[in-house]
Amino acid sequence: MNETICALATAPGGALGIIRVSGTEAFAAVSSICSVHCDCCAANTIHLARILDGSELIDEVLVSVFRAPHSYTGEDAVEISCHGSIYILNRVLEMLLEHGCRMAKPGEYTMRAYLNGKMDLSQAEAVADLVASSNKASHLAAISQLKGQFSNELVLLRNELLKLTSLLELELDFSDHEDLEFADRSELLELAEITDARIRELAGTFKQGQAIKHGIPVAIVGKTNVGKSTLLNKLVGDDRAIISSIHGTTRDTIEDEIEIDGVKFRFIDTAGIRETTDEIERIGIERTMRAIEKARIVIWLFDTLPARSEILKMAELTKGKRELDVLNKCDLYDMEHFVPNMVPMTCISAKHGTGINTLKRKIFEEAKNDGLIGQESDIIITNTRHYDSLIRAHESTQQVIDSLEQNLSTDLIAENLRQAINVLAEITGSQITPQETLDNIFSNFCVGK
Ligand SMILES: Nc1nc2c(ncn2[C@@H]2O[C@H](COP(=O)(O)OP(=O)(O)O)[C@@H](O)[C@H]2O)c(=O)[nH]1
Ligand SMILES: [Mg+2]
């Protein structure tokens with residue numbers, strides 16, 4: 001924390017490159033390589049400067065000066081906007097290293113921001129999510145977490161749990177007064193149940209959070225040659241998979257993503273299901289089965305109306321999944337003759353692109369019915385670490401409820417309450433967080449953030 005760090009904060013290849021410097025020696029280091037004396041600059045000001053190596057002019061830059069504690073890290077900090085040449089950026093970094101800085105580790109700026117109390121741990125994690133956000137839904141979840149909506153919710157939960165604890169402790173303090181009853185246990189139980197329900201509700205949004213972060217997996221499955229690869233290509237608008245009239249062309253699973261209404265969907269084209277003696281194809285079909293398992297939505301593609309027995313077999317395989325039955329190659333058939341009386345079928349022509357938009361809409365609806373797409377304003381848990389903590393907090397509050405119901409001893413209940421409070425505090429890092437946990441979290445950041 002005492003060292004002054006520097007790093008390139010922008011991706012190489014742009015017109016400009018921003019170098020960040022932070023720490024007690026930030027002003028001295030930058031002042032010694034450029035024509036501006038940062039020490040004399042007012043906070044939050046920008047200055048035109050020349051970077052000079054001796055008498056050699058390296059670049060004309062803009063220097064932004066931030067004074068502790070009013071900077072991202074909470075330390076004295078400078079951002080140098082250089083021209084984006086790799087040569088210039090490397091020269092500037094080298095000069096900074098010569099003048100007492102060291103290269104920042106991934107996420108080190110944000111880790112310092114957290115350690116200096118500029119944000120809590122869940123907000124720091126939201127910074128990484130924000131940088132990685134690739135669509136409207138993931139951006140919204142990251143922004144909400146960064147703004148502290150989740151942190152505020154945790155404060156409310158913690159206060160409820162503290163209220164329960166103090167009611168119980170009152171009971172403990174006066175436990176020798178047998179005739180006194182301080183806390184009505186049924187009231188305590190109600191309070192515990194409400195809190196536990198909210199914790200479970202938050203944990204329950206993780207499914208949606210995962211979908212937002214990684215995309216909703218949709219497997220495209222069916223017999224060989226029904227047009228699965230054609231459909232994948234049409235859906236993603238790219239020639240991702242090889243299409244051929246030869247049965248068993250697709251051996252491996254092929255994935256690609258698209259956004260529908262701001263939500264990311266991950267389509268997985270699979271090897272067609274049939275009896276085969278071909279070893280490679282057999283492995284491919286095993287992968288198809290795994291793709292079905294991992295998918296939330298399964299598109300069963302047919303090219304003639306399936307027999308009832310076939311449909312029953314499909315239903316068996318897709319148990320617990322959202323299934324969409326789609327009839328392909330509708331351009332070849334006189335649709336009047338196909339009465340979809342067994343199951344409602346979506347009719348498309350993957351080759352000609354007919355019905356693809358309707359299909360996309362149906363996929364979106366299935367995801368919505370599955371609870372993967374929800375109301376925008378709600379708090380959504382996207383982080384596995386937060387989810388794990390919420391589950392553990394729920395286990396503790398559940399124990400509190402059980403103990404209250406069984407009228408168990410007060411100190412046992414108080415202990416469980418303390419556990420729940422501590423676990424929730426882990427999420428925001430409001431109690432001392434082990435260095436290992438911090439390293440784990442921040443090592444996933446990019447350098448310069
Ligand atoms: N007429 C017609 N042919 C299609 C359609 N979709 C796919 N095909 C053809 O069906 C054959 C098999 O397609 P492919 O996508 O490789 O099937 P897969 O084995 O299920 O992946 C190819 O010759 C495609 O051109 C369609 O909507 N209409
Ligand atoms: Mg194929």
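A search of the whole structure finds 30 salt bridges. A salt bridge here is a side-chain nitrogen of Lys or Arg within 4 Å of a carboxyl oxygen of Asp or Glu. This is a predicted model, in which local features need pLDDT of at least 70, side-chain atom pairs count only at pLDDT 80 or more, and totals for chains, interfaces and linings use all residues. Residues are numbered from 1 along each chain as its sequence is written, chains are lettered from A and ligands numbered from 1 in the order in which they are written, and side-chain values use heavy atoms, with hydrogens and water left out.

**Stop 1: salt bridges**

Select Arg102 and Glu108. Their side chains meet in a salt bridge, at 2.6 Å from N to O. Arg102 is partly exposed, at 22% relative accessibility. Glu108 is buried, at 8%. Buried means under 20% relative accessible area, exposed means over 50%, and partly exposed lies in between (1.4 Å probe, protein chains only).

Go on to Arg251 and Asp278. This salt bridge has an N to O distance of 3.3 Å. Arg251 sits in the loop between α9 and β8, and Asp278 in the loop between β9 and α10 (279-294), so the pair ties together parts that are 27 residues apart in sequence. Helices (H or I, at least four residues) and strands (E, at least two) are DSSP runs, numbered from the N terminus. Both partners are partly exposed: Arg251 at 30% relative accessibility, Asp278 at 28%.

Now pick Glu281 and Arg274. Their side chains form a salt bridge of 2.8 Å, N to O. Is Glu281 buried or exposed? Glu281 is buried, at 3% relative accessibility. Arg274 counts as partly exposed, at 34%. Salt bridges with shared partners also build a network: Glu3, Glu75, Arg102, Glu108 and Arg112 are joined into one.

**Stop 2**

**Stop 3: helix α9**

Eight of the nine residues of α9 are buried, so the helix is largely enclosed by the rest of the structure. Among the buried ones are Lys228, Ser229, Thr230 and Leu231. What covers them? The cover of the buried residues of α9 includes β7 (216-222), β8, β9 (263-269), β10 (297-302) and α12. Gly237 follows α9, with a positive phi near 65°.

**Stop 4: Glu366**

Find helix α12 (residues 356-369) and select Glu366 within it. Glu366 is buried, with a relative accessible area of 17%. Beyond its neighbours within four places in sequence, Glu366 is in contact with Ile297, Arg322 and Leu324. Contact means heavy atoms within 4.5 Å.

**Stop 5: strand β2**

Select residues 16-22. This is strand β2; five of its seven residues are buried, so β2 is largely enclosed by the rest of the structure. Strand β1 (residues 4-8) pairs with β2 in the antiparallel sense over four bridges. Strand β5 (residues 77-83) also pairs with β2 in the antiparallel sense, over seven bridges. Two strands pair if DSSP finds at least two bridges between them. Click on Ile19 in β2, the bridge partner of Leu8. In β5, the bridge partner of Ile19 is Ile80.

**Stop 6: a surface patch**

Select Ile46, Leu48 and Leu62. They form a nonpolar patch on the surface, with about 320 Å² of accessible area together. Leu62 lies in strand β4 (residues 56-66). Leu62 is partly exposed, at 40% relative accessibility. Patches are made of residues with over 30% relative accessible area and no salt bridge: like charges are joined within 9 Å, nonpolar side chains (Val, Leu, Ile, Met, Phe, Trp, Tyr) within 5 Å. Accessible areas come from the Shrake-Rupley method with a 1.4 Å probe; for residues, only the protein chains shown count as cover.

**Last stop: Ile413**

Select Ile413, in helix α14 (residues 410-428). Ile413 is buried, with a relative accessible area of 0%. Beyond its neighbours within four places in sequence, its contacts include Leu168, Arg185 and Val400. The C-alpha atoms of Ile413 and Ser396 are separated by 9.3 Å, with the two residues 17 apart along the chain.
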